[in-house]
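Here are my notebook entries from an afternoon of looking things up in one model. Have it open beside you and follow along.

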Amino acid sequence: MAKEKTAVLLIVEDDREMRSLLCDEFCGMGYQLREARDGDEAFLSVLQSVPDAILTDLRMPAGGDDYVSRLRTVAPRCPIIVMTAFGDPRLKAQVLQAGANAYFDKPVHIAELKNCVQQLLNHGPGAECR
């Protein structure tokens, strides 16, 4: 009987406390976690090894919708979930157009975020939530 592979989740957040909170929440779900403090660190991490999903802040050093587009070019099949405290409907549309699978305004409801990550991992590329 083959052992099921543990999903790898890359958490990208420049706020140390928020990153720690997210890691605590998702570690409890059995994911293998990788962390990045900004968009450049995340991009380099993805170049080394594409995770199963990326959960990322948007407004941070080397962030923004162009950052989501860059991630999408190196990880075309990897679900990308974006969070931001500075969102509006126009930004949401830009981020989804850039290749994000899901978009959340902060403060994020952790239960909704967990459900979204699980849904995207279960349904693969092209899936969307929310």
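**Entry: A62.** I began with A62, which is partly exposed because its relative accessible area is 32%, between the 20% and 50% limits. A62 sits in the loop between β3 and α3. This is a predicted model, so I kept that in mind for the backbone angles as well. Phi of A62 is near 60°, a positive value in a residue that is not glycine.

**Entry: the bond into P107.** While on backbone geometry, I looked at the peptide bond from K106 to P107. That bond is cis, with omega near 0°. Most peptide bonds are trans. I found P107 in the loop between β5 (102-105) and α5.

**Entry: P51.** Next I went to another proline, P51, in the loop between α2 and β3. Is P51 buried or exposed? At 4% relative accessibility, P51 counts as buried, because the cut-off for buried is under 20%. Beyond its neighbours up to four places away in sequence, P51 touches V8, L10, R34, V46 and C78.

**Entry: T56.** From there I moved into strand β3 (residues 53-57), where T56 has its place. T56 counts as buried, with 0% relative accessibility. Which residues does T56 contact, leaving aside those within four places in sequence? I listed V12, Y67, I80, I81, V82 and M83. For a C-alpha distance I took S69, 13 residues from T56 along the chain, and got 13 Å.

**Entry: α2 against α3.** Helix α2 (residues 39-48) and helix α3 (residues 65-74) have axes 10 Å apart and pack at an angle of about 5°. The two helices are therefore roughly parallel to each other, as the cut-off for that is under 35 degrees. On the α2 side, the contact is made by G39, D40, A42, F43, V46 and L47, and on the α3 side by Y67, R70, L71 and V74. I sorted the residues of this contact by class and got seven nonpolar, one polar and two charged.

**Entry: α3 against α4.** I stayed with α3 and turned to its packing with helix α4 (residues 89-98). Here the axes are 8 Å apart and the angle is about 15°. So α3 and α4 are also roughly parallel to each other. I noted the crossing of α3 and α4 as right-handed. D65, V68, S69 and R72 of α3 meet Q94, V95 and A98 of α4. By class, this contact holds three nonpolar, two polar and two charged residues.

**Entry: α1 against α5.** How do the axes of α1 and α5 cross? Helix α1 (residues 16-27) and helix α5 (residues 110-123) have axes that come within 11 Å and cross at roughly 60°. That angle makes α1 oblique to α5. The crossing in which α1 passes α5 is right-handed. I wrote down L21, L22, E25 and F26 from α1, meeting I110, L113, K114 and V117 from α5. The residues of this contact divide into six nonpolar, no polar and two charged.

**Entry: D15.** I then looked at D15, in the loop between β1 (8-12) and α1. D15 is partly exposed, since its relative accessible area is 38%. D15 and R37 are 22 residues apart in sequence, while their C-alpha atoms are 7.7 Å apart in space.

**Entry: cysteines.** How many disulfides does the structure hold? I counted zero. C23 is in no disulfide, and the nearest cysteine sulfur to its own is that of C27, 8.1 Å away. A disulfide would need the two sulfur atoms within 2.5 Å. C27 is likewise in no disulfide, with the sulfur of C23 as its nearest cysteine sulfur. I checked accessibility for both. C23 is buried, with a relative accessible area of 8%, whereas C27 is partly exposed, at 49%.

Terms used:
Residues are numbered from 1 along each chain as its sequence is written. This is a predicted model: local features need pLDDT of at least 70, side-chain atom pairs count only at pLDDT 80 or more; totals for chains, interfaces and linings use all residues. Side-chain values use heavy atoms; hydrogens and water are left out. Axes are lines fitted to C-alpha atoms, for helices over the stretch in contact, and angles run from 0 to 180 degrees between N-to-C directions. Helices (H or I, at least four residues) and strands (E, at least two) are DSSP runs, numbered from the N terminus. Angles under 35 degrees count as roughly parallel, over 145 as roughly antiparallel, 65 to 115 as roughly perpendicular and the rest as oblique. A crossing is left-handed if the near helix is turned anticlockwise from the far one by less than a right angle, and right-handed if clockwise. Contact means heavy atoms within 4.5 Å. Ala, Val, Leu, Ile, Met, Phe, Trp, Tyr, Cys and Pro count as nonpolar, Asp, Glu, Lys and Arg as charged, and the others, Gly among them, as polar. Buried means under 20% relative accessible area, exposed over 50%, partly exposed in between (1.4 Å probe, protein chains only).
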